[in-house]
Amino acid sequence: MLNKKYKKSTRQIKDERFGFFMSLPSMILLGLLFIFPIIYSFGASFTNYRLVQGDLKFIGFENYIKAFTDATFWSSVKITLLITVGALLVEFFFAMLLSGLITNIRKGQGILKTIYLIPMMVAPTVAGLLFRFMLNDDFGLLNVILKSFGVISSNIHWLTDSKIAIISIIYVDSWATIPFVFLLLYTGLSSVSEDVVESGKIDGANRLQIFFRIQMPIIKPTVIIALVIRFMDVFRIFDSIYVLTKGGPGKATESLSLLIYRTNWNKYNVGYASAMSYIMLIFMIMVALFIQYVGRDKDNYRRRKG
């Protein structure tokens, strides 16, 4: 009996070793593609590394100090925060509205969900090109439609006016990502028990009261997850801006990701670009942790501590 157990454990060890050696190539590839660039860029952030400069020197926190004293850096941070807050407000407002309406519809939910999810299937670059033509100052479809209905008398500069361009970027980003937020919120609302909703109706609550006072508190963890994911995604916005305005007019829509890209590939300043990237990463992690802390379930938190 003991001999059988020993043989079985030996077979298990052999299987584990075989599995380890089989997964070793993918682990090495993952390390080369993911871990190595992180270590490499982190080290580069403490140097004066330039792609066209051979003299490499360790300069400590000089790149980080330069970022915090650089007006262009803070301008990009301000623009990025403005786009992030605007996009999150628009996305969550319409996603909550749509998820609440769909949940209360008995027939045709499948068709409506499919229609609402179509924008999510479009690549950001493709969506950017599509809206770039639609929002063109001279022959854009939106200006043509507004003129035909008499809403405007002259063309609106959707992408070349500094104030309107930011609104256009928020609109395009929201159009593409509202379906994702809607999907998460709808899934959360669908998981709420019908008994809970019926109890609210018996107590005299209307649909809005049921939605905001009963259903939303129950799906609060889902909302927090959606908020964290979308914050981290929209804060590093790049492709939509690059396709639509390339950071213009001037630098009115230059996000932090676009500034890092230009610093690295236009000015070849890899060290400074790496430092700004890590500042951006640390800020995103801090905000994500703050959102989770503020949105935590206080009752469960007290129970765990108790």
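Mentor: Phe 46 is buried, at 14% relative accessibility, where buried means under 20% relative accessible area, exposed means over 50% and partly exposed lies in between (1.4 Å probe, protein chains only). The model is predicted, so local features need pLDDT of at least 70 and side-chain atom pairs count only at pLDDT 80 or more, while totals for chains, interfaces and linings use all residues. Residues are numbered from 1 along each chain as its sequence is written, and side-chain values use heavy atoms, with hydrogens and water left out.

The structure holds 23 aromatic pairs. Rings of Phe, Tyr and Trp (its six-membered ring) pair if their centres lie within 6.5 Å; planes under 30 degrees apart count as stacked, over 60 as edge-to-face and the rest as tilted. Phe 46 and Phe 61 form an edge-to-face pair, because their ring centres are 5.3 Å apart and their planes stand at 85 degrees. Both residues lie in the loop between helix H1 (2–44) and helix H2 (62–68), so their pair ties together parts that are 15 residues apart in sequence. Helices (H or I, at least four residues) are DSSP runs, numbered from the N terminus. In contrast to the buried Phe 46, Phe 61 is exposed, with a relative accessible area of 57%.

Tyr 116 is partly exposed at 27% relative accessibility, whereas Phe 182 is buried, with a relative accessible area of 1%.

Returning to Phe 46, ring pairs link this residue with Phe 42, Phe 58, Phe 61, Tyr 64 and Tyr 278 into a cluster.

The loop between H1 and H2 also holds Leu 51, which is partly exposed at 41% relative accessibility. Leaving aside residues up to four places away in sequence, Leu 51 touches Asn 264, Trp 265, Tyr 268 and Val 270, a contact being heavy atoms within 4.5 Å.

Charges over rings complete the picture. Lys 66 lies over the face of Tyr 272, at 4.4 Å from the ring centre, under the criterion that NZ of Lys or CZ of Arg is within 6 Å of the ring centre and within 35 degrees of the ring normal.

Key. Helices (H or I, at least four residues) and strands (E, at least two) are DSSP runs, numbered from the N terminus.
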